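Colleague: I have not worked with this structure before. Could you take me through a few of its features?

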Amino acid sequence: MGKSADVIAEGVAIATSAARLTVKNHILVGTIAQGGSFDVAKYMNDAHEALLALAAESDEAAELANKLRKRAHGRYSDPHGTHDYRDRDVRNLKKRAKQSSAVADRLREMADDPETLRFLVEAARAAAWSDVAGNLQSRLTVEAMRPDEDPDYATMREARMQALRLVDLQALASDQRARRKNREKADKAAEKAGKAAAKAAEREEKRAARQML
């Protein structure tokens with residue numbers, strides 16, 4: 001890719017991350033704070049709106065760059081500040097406007113693609129669950145105390161129950177099965193290695209005994 005294409009791709013990536021963060025926050029509020037259920041369709045709509053909002057911001061950036069380009073055209077005096085552009089900046093401002101417009105166009109395409117929206121929502125849900133899991137894990141170090149000694153026990157218990165709304169239980173079960181299989185494979189490999197080592201030691205003892213005869 002050329003330099004301009006790289007800039008556009010980076011702009012789209014940054015905007016996508018911002019949209020994912022927005023959706024993640026909506027998921028946390030909707031499922032934890034408000035006690036709602038995880039509805040993919042609802043959050044796909046949130047993702048759609050977030051991408052369109054970011055596309056509008058890119059359009060505004062393109063419009064601003066064009067205004068600055070027109071203002072800078074034909075001005076050759078020394079600039080008085082970072083954004084006091086001159087004729088020599090016209091080319092870069094024109095390129096910047098095109099790049100921002102391209103980012104906006106790409107974001108609108110993504111906003112109209114159901115698969116892209118679903119992927120973004122799933123990524124946001126994973127990020128939300130990661131946040132919740134991290135917070136709960138940190139709480140576990142504190143919750144060794146009895147429930148009646150922890151003033152936040154009821155609140156945190158409710159949060160834990162609500163957090164289950166974010167979990168794909170089927171995927172979690174599949175992950176647990178995979179972990180168990182990996183442990184079984186590791187145990188079998190260790191057992192096999194142990195037997196091989198024992199046989200090697202036995203052979204060495206027999207060889208040493210024959211040398212002594």
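Modeller: On the surface, R180, K181, R183 and K185 form a patch of positive charge. Such a patch joins like charges within 9 Å, from residues with over 30% relative accessible area and no salt bridge.

Colleague: Where does R180 lie, and what is its relative accessibility?

Modeller: R180 is in helix α6 (residues 169–212). R180 counts as partly exposed because its relative accessibility is 40%; buried means under 20% relative accessible area, exposed over 50%, and partly exposed in between (1.4 Å probe, protein chains only).

Colleague: What should I know about the model itself?

Modeller: This is a predicted model, in which local features need pLDDT of at least 70, side-chain atom pairs count only at pLDDT 80 or more, and totals for chains, interfaces and linings use all residues. Residues are numbered from 1 along each chain as its sequence is written, and side-chain values use heavy atoms, with hydrogens and water left out.

Colleague: Changing topic, how many salt bridges are there?

Modeller: The count comes to 6 salt bridges, each a side-chain nitrogen of Lys or Arg within 4 Å of a carboxyl oxygen of Asp or Glu.

Colleague: Which residue forms a salt bridge with D59?

Modeller: R108 does, with the closest N and O atoms 2.7 Å apart. This pair links distant parts of the chain, as R108 is in helix α3 and D59 in helix α2, 49 residues apart.

Colleague: What about R108 and D105?

Modeller: Their side chains also meet in a salt bridge (2.8 Å, N to O). R108 and D105 are both in helix α3, 3 residues apart, about one turn of the helix.

Conventions. Patch = residues over 30% accessible without salt bridge, like charges linked within 9 Å, V, L, I, M, F, W, Y side chains within 5 Å. Areas by Shrake-Rupley, 256 points an atom, 1.4 Å probe, with all protein chains shown as cover. Lys, Arg positive; Asp, Glu negative; His and termini not counted. Charge placed at Lys NZ, Arg CZ, Asp CG, Glu CD. Helix = DSSP H or I, 4+ residues; strand = E, 2+ residues; numbered from the N terminus.
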